[in-house]
Amino acid sequence: MKRLFSGVKPTGDLHLGNYLGAIRQWINLQDDYEPIFCIVDYHSITSQYNPKKLPDFVFKCACNYLAAGLDPEKSLITVQSKIPEHTELTWILNCITPVSWLERVPTFKEKAAKQSGNVNMGLLDYPALMTADIILYKAEAVPVGEDQLPHIELAREIVRKFNGVFGQLFPEPKGIIGKVGRIKGLDGADKMGKSLNNCIFLYETKDQIWTKLSKAVTDPARIRKSDPGDPEVCNIYALHKLLSDTETQYEVANGCRTASIGCVDCKRRLNDSLDSEIAPIREKYLELLTKKEYVGSILSEGSRKAAEIAAGTMDQVRDLIGFSYEFLE
Ligand code: SF4
C-alpha cells in the first residue's frame, strides 16, 4: 500500500471546518493507504504562539484525532518534533531550493501580510519543511485543500531537483483533493476558522451550537418567512449537504424555495443532523481528555515507529549527499 502523510498544526481545539474539510476524509483513507497523521508543532511556531499552551494544544489535537475516528491500529499518529529528522532533511532541502521558489508561494505572501511584524525565515521556509515532512516517509499521497496545491507542486519540484542532483530516491508526492470544498464559517463569507470567530468547535454541546447557529448568516433574500430563498447561496444548506440525509436535504431545499420552511426550522434540522454526527465525537473527546497516559502512549508509539522509517530514509539521504564518513566511528 502507498504511504500517505498529512498533518494539522496544534493551534487549539479543532472545529467543524477541520473535521469536514480534512479529518472525516482521513478516516476513510485509513483503509486504502499506510497513513501517517502528524501533529506538526514545528509548523505552529512560525507564527506567534504561547510555549506554555503548546503541550495542551498538542494533547487536545491528539484527543480530537482519536475521538473523530483515527485508528492507531491503522494509522501512525505522530508528533513532528519527536522526530528530529524532519528538520535535518529540511536543512538539506534548503540547500537545493532556490529562494525564489519559496517567495512565489501565495500562502507566504498572505501570511507575511497578516503578520508583517514577524516575517521570519520559518514562514518563508514552511514549504521546504512540508516537503521534508512528506518525503521523509516517501509518502506518495497527501490529502490537501485546494489552497495547499501550490505547496504540493513545490514539493514535487524540490523532489525532482533532489533526485536530479543526488540520484533517484524520493517519489513525487501527489495531492489528494477532497470532494468537500472550502468550509465556510457561520458568517457565510470566510473560511471557517478559530481566529475569525465563525466556527463550531467539535467539543461544543447541541445547545451551545444552537446559540451560534441561530445567529448564522442565511440567504439575504429571505427577509420575511414568506420570502422564498435560494438554498444554493446559503451556507446553512451547504452544511446540510455535508451532514444531513438526502431526504432532509431535499425537504429543506424545497421548503426554502417555496417559503414553506423558515430559516429557524431549517437551522434546527441542521443542528439535529450535526448533533448526530458530532455528539459521539464530543463524548469520546471528553473521555480522552481524562486519559492523558493512554493518549500519550499512542503518540509515543506512533512517533517511535515513524522515527524508524525516518532514520532509514536519512541514512540513504546522508549516503547520497556525501555524508558517509567511514573514517568516523
Ligand atoms: Fe438557508 Fe435554510 Fe433559510 Fe433557505 S431556509 S435561506 S437554506 S437557512
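Throughout this tour, two residues are in contact when they have heavy atoms within 4.5 Å of each other. The model in your viewer is predicted: local features need pLDDT of at least 70, side-chain atom pairs count only at pLDDT 80 or more, and totals for chains, interfaces and linings use all residues. Residues are numbered from 1 along each chain as its sequence is written, and side-chain values use heavy atoms, with hydrogens and water left out.

**Stop 1: Lys 161**

Select Lys 161 in helix α8 (residues 149-166). Helices here are DSSP runs (H or I, at least four residues), strands are likewise DSSP runs (E, at least two), and both are numbered from the N terminus. Show the surroundings of Lys 161 and, leaving aside neighbours within four places in sequence, you will find contacts with Ile 96, Pro 98 and Trp 101. Is Lys 161 buried, partly exposed or exposed? Lys 161 has 30% relative accessibility, so the residue counts as partly exposed; buried means under 20% relative accessible area, exposed over 50%, and partly exposed in between (1.4 Å probe, protein chains only).

**Stop 2: helix α13**

Move on to helix α13 (residues 292-321) and pick out Thr 313. Thr 313 is buried because its relative accessibility is 4%. Not counting residues up to four places away in sequence, Thr 313 touches Ile 135, Leu 136, Lys 138 and Phe 170.

Arg 318 is partly exposed at 23% relative accessible area, and Asp 315 is partly exposed at 45%. For a network, display Glu 153, Arg 156, Arg 160 and Glu 172, which are joined by salt bridges that share partners.

**Stop 3: more salt bridges**

How many salt bridges does the rule give? The count comes to 21. Two to look at:

- Arg 224 and Asp 227 form a salt bridge at 3.2 Å, N to O. Arg 224 is exposed, with a relative accessible area of 54%, whereas Asp 227 is buried at 13%.
- Glu 232 pairs with Lys 241 in a salt bridge, with the closest N and O atoms 3.0 Å apart. Glu 232 is partly exposed at 48% relative accessibility, and Lys 241 is partly exposed with a relative accessible area of 40%.

**Stop 4: two domains**

Colour the protein by its domain assignment: domain 1 (3-183 + 292-328) and domain 2 (206-286). These bounds come from an automatic or database domain assignment. The C-alpha centres of domain 1 and domain 2 lie 35 Å apart. Across the boundary, 12 residues of domain 1 are in contact with 9 residues of domain 2.

Domain 1 and domain 2 bury about 940 Å² between them, 70% of it on carbon and sulfur atoms. Buried area is the accessible area (1.4 Å probe) that two parts lose on being put together, summed over both. Select Leu 16, Arg 24 and Ala 67: they supply 44% of the area that domain 1 buries against domain 2, more than any other three residues.

Which residue forms a salt bridge with Arg 24? Glu 277 does, with the closest N and O atoms 3.2 Å apart. The count between domain 1 and domain 2 is 1 salt bridge. On the domain 1 side of the boundary, α1 (16-29) and α3 (54-68) each supply at least two residues, and α3 gives the most, with 5 residues.

**Stop 5: positive phi**

Most residues other than glycine have a negative phi.

Lys 138 is in the loop between α7 (121-135) and β4 (141-144). The phi of Lys 138 is near 50°, a positive value in a residue other than glycine. Lys 138 is partly exposed, with a relative accessible area of 25%, and is one of the residues touched by Thr 313.

Finish at Ala 259, in the loop between α11 (246-257) and α12 (263-289). Phi of Ala 259 is positive, near 60°, and at 19% relative accessibility Ala 259 counts as buried.

Terms used
Salt bridge = Lys/Arg side-chain N within 4 Å of Asp/Glu carboxyl O.
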